[in-house]
Each structure stands twice: as C-alpha cells, then as structure tokens.
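Thank you for coming, everyone.

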Amino acid sequence: MAATSTGIHHRSYTSELRLRATPSEYVRLGLVAAALVLAPFVLDNYWLSIANAILIAVIGAVGLNILVGYTGQISLGQGGFLAVGAYSSAILAERYSVPVPLAIIGAVILTAVIGTFFGLPGLRLKGLYLAIATLASQQIIEFVIRRWAWLTDGKGYINVSRLELFGYRIPRSSFEQKWYWILLVLTVVAVVAARNIFRTGVGRSFMAVRDQDIAAEAIGVNVTRAKLTAFAVSSAFVGLAGALMAHYTETVTWEAFTLNVSITYLAMIIVGGLGSIAGAVFGAVFMSLLPVLIRTLADRAEGSVPFLADQLPAVQNAIFGLVVILFLIIEPRGLNRLWERIKEYVRFWPFRY
Amino acid sequence: MSTFVNLLVYGLADGAILALAALGFVLIYKATAVINFAQGEFLLVGAYAFYTAFGLLGLPFIPAVLVGVLVAIALGVLVERLILRPMIGEQPISIIMVTIGLSMLLRSVVQMFYGVQPKSQPSILPTGSVSLLGATVPVNRLLVIVIAAIVLSAFSVFFNKSRHGIAMRAVADDQQAAMTMGISVSRIFALAWVLAAVSALIGGILLGDITAVDQNLAAFGLMVFPVVILGGLDSVPGTIVGGLTIGLLKQFVSGYLDPGLATVIPYIVLVLILLVRPYGLFGETRIERV
C-alpha cells in the first residue's frame, strides 16, 4: 500500500479491505478519540448536555442513513420509529420493572419489527410514492401515541425514573458526565457496527438495491429480503436512539416525535452526506449544533438586534431551511464530500489536482 | 338530517379549498415531476400577502387581490428559478428535501414578520346564514364552493383551450417532443410554479376568510397528499374528486365519530389507496414497481 500525491494505491486485497489505510488516518482517529475522552473534563454541564443530545442524534442519523442513504428507501417516518423505541423502553422499564439494559434491548427488537412492518409498502413503491407512504405512517404512529391512553396510563406522558445500572444509581451531581460515558460507548459501538455492515454481503446488497434494483435482482440479490432487512436494521438503530432518549430525558411525550423530528433527521443525513456513515455523524453534529449556535449568537447580540432574540424560534427554523436548500444546491453530497475535498487538497498540494 | 346537511356543506367547502391547493401541486408534478412539500406554505404566503394589502394597508378588494397575485407570481418565478432549476436531474430524495427546506423557510419568514397570533381581517364573503333542507348553513361556505368551482373550471378551460395550457400538457406528456415543437420547456416550468402559487393564493384567501389568517393555514399543505394520491398524482380532474372526497370524509368522521380521528383518517385512506391502486383513481398507470 502506498499513499502518494496521486491517491492511495493498494497492493493487496487485505490492505484494500482495511477500514483505515494510511498513518495519517490513524493520527486523525487518535485526535478525535482524545477529544472525545477529554470532553467531559473540559465542557461544563450545559455543553455536555448538548454533547449528549448530539450522541443520541448520531445513532438515529446513522440508522436513518442505512435506510435512506445506503438502500435508497426514502423515509419520513423517523419520528414515529423513535417514538416506538422510546415508549416501549419506558413502559418496559417503568410498568414491568424490567432492568433498563433489557428494556432497551426489548425496545430495539420491537422497533425493528414495527419498522419492518411499515417497510412493507416499500416492497411495491419507490421514490416519492414511498416518501408519501412513510409520511402517512408517521402521521398514523403520531395519532396512536397521542390517543392510546394505555401507553401513558391516561396521563399523556411517561415519567422515567433515574437510570439505575446493576444497582448503581446515577447521582444528580454528575448526571451529564455519567450519561456522556454511557452514550459515548454506545454511539461508538453503533457507528462501528454500521460501518462494518457495509463490508458484508448484506450491506452490499443494500447498496445494489439502491443503485439499480432490477440489476440487483438479476445478479441474484433477493430484493425483497434486502429491503426488509434494511428497514429492520435501520429501525433497530433508531429504536436504540429512541430508548436512550427516553432514559436520558426521563420523560416521554408525543411532542418529541412529530413530523418535524423526521424532517430534522432527514436534514442531518442530507447535509452530512447521503450514503456515508461519516456523513451521518457530521450531519448530526452540525444540525444539532446549528440551533444552539444561533441561540448563543442571539444572546450575545440581544442589545443591538432585539429582533433576533424576539423571533428566535422563527430565525432558527428559517436558517435551518436555508441551510438545507443551500447544501442541496451547492454541495448535494454534503459535509462528507467537503471534508474529502479538503483532504484531497492537502494531499495534492501544491498542485491543484 | 340538519347535521348531515351542515357536515355536507362544510365538507364540500373544505374539499373545494383542498382541491385548489391540490391543483397547484398536480400542476407542478405534471409539468416538472417535482413533489412540492411547500404547497401549504404557498397558501400561507398568499393569505398573508392578501391580508397585508387588504387588512393592513386598507386597499379595496380588487387591488388587494392584484397585490396578492403579484406576490404569488413573484414567489412562483423565484422559487422555480433559484431553487428548483439547479436541482433538475437530482434524485427524488434531494428534490423532496429541497421543497421541505423551502416550506420551513417560507413559514418562518412569515412568522418573523407577522408573529403567531391569528390575524383578523374584514370579511370578504357575506357572513349570514341561510336555511337549506332544514339546516342552517353559513352563506360564506356555500360561496366558497361556488368560487372554487368557477376557478377550477377556469383552470380546466385554460388547459384545454389556451395556447399556454396546451403547451403545458405537451410538456407534461413528453418534454423532448415538446422542445422539438418549439415550446420553451423552462418557460412552462416557470408557468407551472406561477399557476400553482396563484391557485394556492385563491385557496389561501378563501380559507383565511372562513377561518382566520394564521400559521395553521400551512397545515393544509400536508392534507394535499391524501388528495392527490386518491385522485392520481398527475390528474387535474382527480384533484377535484379527491379534494371533495377527503373534505367530506374529514367532516363526516369529525361530526359522527371523533374529531381526533378526522385528522388521521385521510392518511389511512392514503395507505389503503397506495396498497390497492397506487396511481389513484384517475392517474396514469405509469408507476414504477419493483
């Protein structure tokens, strides 16, 4: 294997199969790992809570990207699947006193099953028809969780008690720090798992279905099975994110799972880059940080521009919409592509290409 | 009986406005193959533009409508030229997402300027009520049905008789063939967006008059999907049948069963239609299957 200014050239199949080929990739990995490990010692509770929300969003976005980016099945039902994960885990843990890890595993399995069921229209529909079908499933799931009183014992919300793992209860004082470690471990496991799915035959069959379903069928990919597996795998990730949301925020209400949530997640993977795990991570971080940064800026500028502070939610949404439009027009392949271009620029320097 | 007549009139009025919103949606889809998630926001922008001219500036009715039409035309042209034209040839997910981004942008910009409070404007249609088959029904709902019927027939005449209407149908049928006949496809694309914005403006003015001018107008946009799937994504008569069916269904379910269920019943219909007959009642059977 040699990394030269003309690109990376592999000399054996094993080197081509490796996740990381060059020393500089290991250096970057080390830097990211160091930053992630140091974060809880540097950040205060406010920023740690944002980091925790980002970690959950990363799991959800990676899950959605498996379905939308890698398999080409457009889904507007992300909010609904998050809700399935959150409600099932909360109900298992609170009402049936199942230990939390088992409740989360149960929620993951249940979400995968329900996701597969709602994936059934995907067997017959493509593109915009599928988008509209998943829009309908989002609305139907939203209606069910709003109106089915059994879910919340008629209260309209579920209170989830403080996380307790193997008899150890997270103390109030270091709540965010402890959760950060839990979420970091789970997110890393989820991202590595997702990355590796696409080095297996199953993962490659997803991509074959996305690129040309008829050709995929012709070379022996079972399209039905590939699509349903994609829905199941993707929903499992999303269910995990939903369950973690339930236990981290300690309340479950239907407002957290509306169509807007589905749209936010779609925006994450589009801004990040469809069909790449790194893109999903970039997108989740970027789209979660964007409203926070706007709020911080608005607080700073409160004296000089009162309009900005008064209309903060509208300004946040407007910038959100604008960012999505601009990315799609200027860089449809997202932040991931920008990052690759920067890397190429550095590698080829001082030549242009 | 009187409840029935009341629900019938309310349902037809809702359905007529839905048909107007869906008409714009179908026009865009037919001519440019774009799924427009911002159709509800077109309604919203139209209603607020008219409110600004009529309610705030106090212009007489006709000039106020003209202001609304100008805003709608500008909106249609700008959206087509700046946002959708660079997206030609992109995959469906990108095009869906760009219109979702547009819908969020339009809604927030309206919210920034006008706030979230419902606005009241002098009513345009007479507000009295008449008795009809033993029920008391508001006159303005009846007039909404009549006006929508006139507008929809005007649009049908436009498509069937006028030069531009025939050009639009030609482009919808086959873009390359239309180009060889000397039709400017990009002009037709712009025209489709403009007409969609204008039909949404009419819908928005009517809806704003019988309810109130507020952010909820945009929620009508999502209801367009059940309508167009039922009627067929590329069928203009389908929007009328679909709009009226969904409008009636919502009102009857809300009146006889449960108002909460009424918000979701159109989507249940949508799923059933997609499973049984995905191209809708009148759509062309050109759907891609796997």
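How many residues does the contact take from chain B, and how many from chain A? What we have here is a predicted model, and in it the contact takes 35 residues from chain B and 36 residues from chain A. On the side of chain B that touches chain A, helices H4 (92-114), H9 (220-231) and H11 (259-276) of chain B each supply at least two residues, and the largest share, 15 residues, comes from H4(B).

Staying with chain B, let me turn to a pair of strands, S1 (residues 129-132) and S2 (residues 135-138), which pair in the antiparallel sense over 4 bridges. Ser131(B), for example, has Thr136(B) in S2(B) as its bridge partner. The two strands, S1(B) and S2(B), form a hairpin with 2 residues between them, and in the turn Leu133(B) has a positive phi of about 50°.

Now to chain A, whose secondary structure comes to 16 helices and 6 strands. Its radius of gyration is 21 Å, close to the 20 Å that the globule rule gives for 353 residues, so chain A is as compact as a globular protein of that length. Of those 353 residues, 42% count as buried.

Finally, consider helix H15 (residues 312-330) of chain A, where 19 residues at 1.5 Å a residue should span 27 Å, and the end C-alpha atoms are 26 Å apart, which agrees. Among the buried residues of H15(A) are Val315(A), Phe320(A) and Leu328(A).

Terms used:
Residues are numbered from 1 along each chain as its sequence is written. Chains are lettered from A and ligands numbered from 1 in the order in which they are written. This is a predicted model: local features need pLDDT of at least 70, side-chain atom pairs count only at pLDDT 80 or more; totals for chains, interfaces and linings use all residues. Two residues are in contact if their C-beta atoms, placed from the backbone, lie within 7 Å. Two strands pair if DSSP finds at least two bridges between them. The expected span of a helix is 1.5 Å times one less than its number of residues. A residue is buried if 20 or more other C-beta atoms lie within 10 Å of its own, exposed if 12 or fewer, and partly exposed in between; C-beta atoms are placed from the backbone. The radius of gyration is taken over C-alpha atoms; the globule rule is 2.2 Å times the number of residues to the power 0.38.
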